[in-house]
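Here's a quick tour of a few spots worth a look in this one. Have the sequence and the structure open as you read.

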Amino acid sequence: MTDADYENMSAFSCGVKELDDFFRHEVRECVNNRYLSAYCVFTPSNEIVAAFTLMNDALMIGSEDEKQDFFDDLRLETESSIVDFFKQQSSYPAINIGHLGTLTASQSTGVGRSVIAFVATVFRHYKYAGCQFITVDALNNCRTVRFYQTNGFSFQTNRDMYSATRRMYRIL
């Protein structure tokens with residue numbers, strides 16, 4: 001993001017106070033400290049229509065129940081030889097969409113879906129480091145969870161069912 005983008009964030013609102021506050025007051029410091037990278041999606045008239053952040057992550061599967069669920073999901077989407085390889089690993093490289101907000105007036109128009117498709121395409125072809133998954137810590141509300149499920153994400157665990165966020169992943 002450029003300095004002008006940071007200034008334009010003051011007019012951006014996705015309707016979720018925590019996300020709006022983050023993009024208005026915290027994102028620049030996080031970028032400056034290399035905690036994450038921030039990006040904007042613009043309309044042809046140069047209005048910010050979406051903002052999102054990316055950071056390195058690892059998908060780690062804890063309990064035996066989580067492992068079984070994870071490998072059952074993985075088996076549905078990949079070849080069994082790949083699943084056998086995955087079973088030998090203790091963690092899996094991922095990219096995390098840390099924050100994703102779409103301008104209130106542009107919600108339900110496909111902008112968020114396009115951001116996820118863009119991230120998936122870039123990191124599926126990323127050659128500088130391994131990346132096997134996209135992860136998110138989705139706000140735990142019906143609309144947000146349904147959005148990520150519709151875009152191919154699964155719950156990593158059910159232990160966070162009553163938490164403020166739900167940990168989800170998508171295979172690249």
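Predicted model: local features only at pLDDT ≥ 70, side-chain atom pairs only at ≥ 80, totals over all residues.

N46 is exposed, since its relative accessible area is 54% and anything over 50% counts as exposed. You'll find N46 in the loop between β1 and β2.

Now for an arginine in another setting. R167 belongs to strand β6 and is buried, because its relative accessible area is 15%, and the cut-off for buried is under 20%.

So what does the side chain of R167 pair up with? It makes a polar contact of 2.7 Å with the side chain of D57. Leaving out neighbours within four places in sequence, R167 also touches a list of residues that includes A58, N96, T135, D137, F155 and D160.

## Helix α5 and what it packs on

Helix α5 covers residues 111-124, 14 residues in all. From first C-alpha to last it reaches 20 Å, close to the 20 Å expected at 1.5 Å a residue.

Its buried residues are V111, G112, V115, I116, V119, A120 and F123. These pack against strands β1 (37-42), β2 (48-59), β3 (92-102), β4 (133-139) and β6 (165-171), plus helix α6 (142-150).

Notes: Residues numbered from 1 in each chain as written. Heavy atoms only, no water. Helix = DSSP H or I, 4+ residues; strand = E, 2+ residues; numbered from the N terminus. Expected span 1.5 Å × (residues − 1). Buried < 20%, exposed > 50% of the residue type's maximum accessible area, 1.4 Å probe, protein only. Contact = heavy atoms within 4.5 Å. Polar contact = N/O pair within 3.5 Å; in protein donor to acceptor, adjacent residues only side chain to side chain.
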